[in-house]
Amino acid sequence: MFDIPLQVLLGQITIGLVNGCFYAILSLGLALIFGLLNVINFAHGALYMLGAFGVYLAMQKLGVNYWWSLLLVPVVVGAFGALVERLLLRRLIGLDHLYGLLFTFGLALVLEGIFRDIYGSAGLPYPTPPALRGLVDLGFMRMPIYRVWIVGASLVVCFATWFLIERTRLGSYLRAGTENAKMVQALGINVPLMVTFVYALGAALAAFAGVLAAPIYQVQPLMGSNILIVTFAVVVIGGLGSTAGAIATGLALGVIEGLSKVFYPEVSSTIVFIVMALVLLVRPAGLFGREA
Amino acid sequence: MNRTMKTSTALLIALAVVGVLAPMTGLYPQFLMKCVALALFAVAFNFFTGNVGLLSIGHAAFFGMGAYAAGYATKEWGFTPELALAASLVVGIALGLVMGGMAIRRQGIYFAMITLALAQMVYFVCVQAPFTGAEDGLQRIPRHSLFGVIDLSSDLMMYAFVLAIMIASVWGFQRIMESPFGQVLLAIRDNEPRAISLGYDVQKYKLSAFTISAAVAGLAGGVKALTLGFAGLPDAHWTQSGNVILMCLLGGLGTPLGPVIGAILVVALESRLSGLGVVQIGPVTLDLSSKVPIIIGLIFMTCVLLFRRGIVGEISAAFASAKARRKSVADDEKKSVAS
């Protein structure tokens, strides 16, 4: 274990942190949507992919730079999400939650299929924005600035979302809606509008992660489904009940995955699932779960 | 013999007749064998999800590993088909027990996510393990003689063999559902707390059903590998789990023959679309072969939004409502005569 250079170890930990940020943002969105809509959003990975393609296409076709994309792409994808919820998902309210999952599964296939049809399965490169190129010296190691930026930006967004849900009036409505939507509606709060907002917010978060991911991973139609399945495992481990729990679990699993790449690369693609299996054996309800 | 048993016997005979007549219509045996393999897969999936009410998104793991097991045993160890399929069955049972044992601990939406995650883990193992041939898969899997005596090298003989397996499986599932075990499964699906309070060990029943389903899904993978001579990563990929869900949803989840019809439709659609290739519709040129996932996704969404009971489910519902209407008309007439 001591023959591994510190640089390599720290490097993998930061890559792990970066992935952990994506898991955290995605599972946060999944948890939000599940709380209010009772739907596991299988299209979440596709929305993440849309974010990455959004920033890529904005640069290629419209000449929009990274910073504007970071702001605009989540808004556009969020609007798309609102549209999907209003026009289609809304029809499934009150049905078994499996139908929501199956519907979004179909939606993911369609979205991924369209992009694969146009752009193929090969990855498209997106350049790191000039301001974020190069390395930063952290004293004990040198780290690419872009990775620091991803971790910083993700933590800010995660904190903002947590704050919105746990500390604001709107958030209290959302939490109340999760507990008992009918009662909240009876108190005069526009629940259908809130549902649309939550789906749009989840979609925007996924797209934000996609924009962040574009410069380090190649922009690729299937990038979403791969990360989504890992995120599902993260959600199973953490449970959907707690906002902070979802963020912490996502980050922790990213780091564990990064460490496995150093010590035992063969399991790096399966380690999250192995952790999930272990957690299920010890604590079937998940680390922060409330459901038995 | 009660009424439901009569219906199920009639359905079984209909299935056998259609299966036997199919090669005479000029359809390729290759196509028919693929239909049979996937229909068997869909029937296995339907047995669990349709009757227990939990959605598994992990059945591709059983199908894929079953295919590898049969392919490897045949190719490397020279197993005869019946032994190779037994190997698929055993692999399905083992994997089903392990995956089911973990997933059964959670309900509803979590169950779906756990099965998907565990199946993805199996997929990654398949990518790395030495026995799968990685990207190439196992190709040119030979067809040895059945029991060492019956030659299966002709497609027609092979088709007859796998058709028999599928019909036997459908019959087996019907028998299970008519048995006390099957009735308890339905009771659990409809009202789990009540089943628990009646003293049934619900988890054990669910796990048994999951394992049976996994075993037959593995068998279906073996059938696929032996008939088409190929086992590879796409068999174990999560999109294959999606496909089998679509087959059941399209045909009618929980109905006895819906999955078979759904499987035939999906296989036909896929081969038809990729066969058509590039078509010209007015000014638009479309390469249909690359649009299969999009069309599959659209069918998914349409099914969920518009006809959730599937083809068989909608037809039987239409029959039932027509019957109810006739009955009410007859009742009205009786009343008017009486008054």
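Visitor: In which helix of chain A does Ser154(A) lie?

Guide: The model discussed here is predicted. In chain A, a helix covers residues 145-167, and Ser154(A) belongs to that stretch. The helix that holds Ser154(A) is α5 of chain A.

Visitor: Is Ser154(A) buried or exposed?

Guide: A residue counts as buried if 20 or more other C-beta atoms lie within 10 Å of its own. Ser154(A) has 24 other C-beta atoms within 10 Å, and therefore Ser154(A) is buried.

Visitor: How far apart in space are Val136(A) and Ala186(A)?

Guide: Val136(A) is placed in strand β1, residues 135-137 of chain A. In sequence, Val136(A) and Ala186(A) are 50 residues apart. From C-alpha to C-alpha, their separation in space is 54 Å.

Visitor: Does Val136(A) count as buried, partly exposed or exposed, and which residues does Val136(A) touch?

Guide: A residue is buried at 20 or more C-beta neighbours, exposed at 12 or fewer, and partly exposed in between. Val136(A) has 14 C-beta neighbours inside 10 Å, so Val136(A) counts as partly exposed. Not counting residues up to four places away in sequence, Val136(A) touches Arg142(A), Met143(A), Ile145(A) and Val148(A).

Visitor: What is the phi of Asn38(A)?

Guide: Asn38(A) is placed in the loop between α1 (6-37) and α2 (44-62) of chain A. Asn38(A) is partly exposed, with 18 other C-beta atoms within 10 Å. Although Asn38(A) is not a glycine, its phi is positive, at about 60°.

Visitor: How many helices and strands are there in chain A, and in what order do the elements run?

Guide: Chain A has 11 helices and two strands. Read from the N terminus on, the order of the elements is α-α-α-α-β-β-α-α-α-α-α-α-α.

Visitor: What is the radius of gyration of chain A?

Guide: Along its principal axes, the C-alpha trace of chain A spans about 60 × 50 × 35 Å. For 292 residues the globule rule gives 19 Å, and chain A comes close to that value, so chain A is as compact as a globular protein of that length. The radius of gyration of chain A is 19 Å.

Visitor: At what angle do the axes of α6(A) and α8(A) cross?

Guide: Helix α6 (residues 169-179) and helix α8 (residues 191-213) of chain A have axes that come within 11 Å. Tyr173(A), Leu174(A) and Gly177(A) in α6(A) meet Val191(A), Met194(A) and Val198(A) in α8(A). By class, this contact has five nonpolar, one polar and no charged residues. The axes cross at roughly 105°, which makes α6(A) roughly perpendicular to α8(A).

Visitor: Which residues make the contact of α3(B) with α11(B)?

Guide: In chain B, the axes of α3 (residues 59-77) and α11 (residues 238-251) come within 7 Å and cross at roughly 110°. The two helices are therefore roughly perpendicular to each other. The contact is made by His59(B), Ala60(B), Phe63(B) and Gly64(B) of α3(B) and by Trp238(B), Gln240(B), Ser241(B) and Val244(B) of α11(B).

Visitor: Is the crossing of α4(B) and α9(B) left-handed or right-handed?

Guide: Helix α4 (residues 81-103) and helix α9 (residues 202-228) of chain B pack at an angle of about 145°, with their axes 7 Å apart. Their contact has 17 nonpolar, nine polar and no charged residues. The crossing is right-handed.

Visitor: Which element gives the largest share of the side of chain B that touches chain A?

Guide: In total, 35 residues of chain B are in contact with 33 residues of chain A. The elements of chain B that give two or more residues to this side are α5 (108-128), α11 and α13 (292-306). The residues of this side divide into 24 nonpolar, seven polar and four charged. The largest share, 14 residues, comes from α5(B).

Key. Residues are numbered from 1 along each chain as its sequence is written. Chains are lettered from A and ligands numbered from 1 in the order in which they are written. This is a predicted model: local features need pLDDT of at least 70, side-chain atom pairs count only at pLDDT 80 or more; totals for chains, interfaces and linings use all residues. Axes are lines fitted to C-alpha atoms, for helices over the stretch in contact, and angles run from 0 to 180 degrees between N-to-C directions. Helices (H or I, at least four residues) and strands (E, at least two) are DSSP runs, numbered from the N terminus. Angles under 35 degrees count as roughly parallel, over 145 as roughly antiparallel, 65 to 115 as roughly perpendicular and the rest as oblique. Two residues are in contact if their C-beta atoms, placed from the backbone, lie within 7 Å. Ala, Val, Leu, Ile, Met, Phe, Trp, Tyr, Cys and Pro count as nonpolar, Asp, Glu, Lys and Arg as charged, and the others, Gly among them, as polar. A crossing is left-handed if the near helix is turned anticlockwise from the far one by less than a right angle, and right-handed if clockwise. The radius of gyration is taken over C-alpha atoms; the globule rule is 2.2 Å times the number of residues to the power 0.38.
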